Amino acid sequence: MTKLMKAFRASSERSIGINLKDLLSRLSIISALILVFSLLLSTRTTNAFSGPGDGSAEAPFVIANCVQLGEMNNNLGAHYILNNDIDCIESKNWGPSINSGYKGFQPIGSGEARFTGNFNGQNHKISNLYIDRVDDIVGEGENDESYVGLFGAVDHADIESVSLENARIRGYRYVGGIAGFAGDGTTLKNINVNKNVTNTS
């Protein structure tokens, strides 16, 4: 093998090595960017609210429909205001099936994860809210749920200036119209409830 061929071969090997290192470096950067994007997307989805506002006291989330009302479960410590009267008639067809129907609206907060934010209804009303969280079988069963109401459970929360009309709410224990359970430090004021609430425990 001539000196020229040896030099060419050595140069080619160095070039391949450099290109391989460059490719691996680029792949590492792309993988890192994909990971960061996925984490950002996951955080955004977890805290998703489809209306305006950022959830702060200065710019509360603005609720304009029943779907956005349910989105309060994505951020239980935020500030919310009701922009207008809301008809939740469609909530009768939401959720898993139970008692030849559906469980309906998912209460905001639970015994394990309570609502601790602020909700101001601005004197608007929520009508036709449907929540059915207990089966028709005597005794507590696997489909029976406690902490049931528009708010399932709240703690150190402020809820004010809202009316609940023509609601149908059923649960096993800790069942109410506005809140199934209100813990220490919770303020409820200017609340009007005209509902059908059933506690089966």
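## Salt bridges, a core and a buried loop residue

Lys125 and Glu165 form a salt bridge, with their closest N and O atoms 3.6 Å apart; the term stands for a side-chain nitrogen of Lys or Arg within 4 Å of a carboxyl oxygen of Asp or Glu. Lys125 sits in strand S6 and Glu165 in strand S9, so the pair ties together parts that are 40 residues apart in sequence. Strands (E, at least two residues) and helices (H or I, at least four) are DSSP runs, numbered from the N terminus.

A word on the model: it is predicted, so local features need pLDDT of at least 70 and side-chain atom pairs count only at pLDDT 80 or more, while totals for chains, interfaces and linings use all residues. Residues are numbered from 1 along each chain as its sequence is written, and side-chain values use heavy atoms, with hydrogens and water left out.

The whole structure has six salt bridges. Here are some of them:

| Pair | Closest N and O atoms |
|---|---|
| Lys125 and Glu165 | 3.6 Å |
| Asp132 and Arg170 | 3.0 Å |
| Arg133 and Glu145 | 3.5 Å |

Asp132 and Arg170 are both buried, where buried means under 20% relative accessible area, exposed over 50%, and partly exposed in between (1.4 Å probe, protein chains only). Lys125, at 33% relative accessibility, counts as partly exposed, and so does Glu165 at 28%. Arg133 is buried at 4%, whereas Glu145 is partly exposed at 24%. Salt bridges with shared partners join Lys103, Arg133 and Glu145 into one network.

Now for the core. The largest nonpolar core holds 32 residues, and Phe119 and Phe151 have the most contacts inside it. Such a core is a set of buried Ala, Val, Leu, Ile, Met, Phe, Trp, Tyr and Cys residues joined through side-chain atoms within 4.5 Å. S9 gives the most to this core, with five residues. Phe119 touches, beyond residues up to four places away in sequence, a set including Ile63, Leu69, Tyr80, Phe151 and Val162; contact means heavy atoms within 4.5 Å.

Asn128 is in the loop between S6 and strand S7 (130-132), and at 19% relative accessibility it counts as buried. Its side chain makes a polar contact with that of Asn166 at 2.6 Å. That term covers a pair of N or O atoms within 3.5 Å; within protein, one must be able to donate a hydrogen and the other to accept it, and residues adjacent in sequence count only if both atoms are side-chain atoms. Leaving aside neighbours within four places in sequence, Asn128 also has Glu165 among its contacts.
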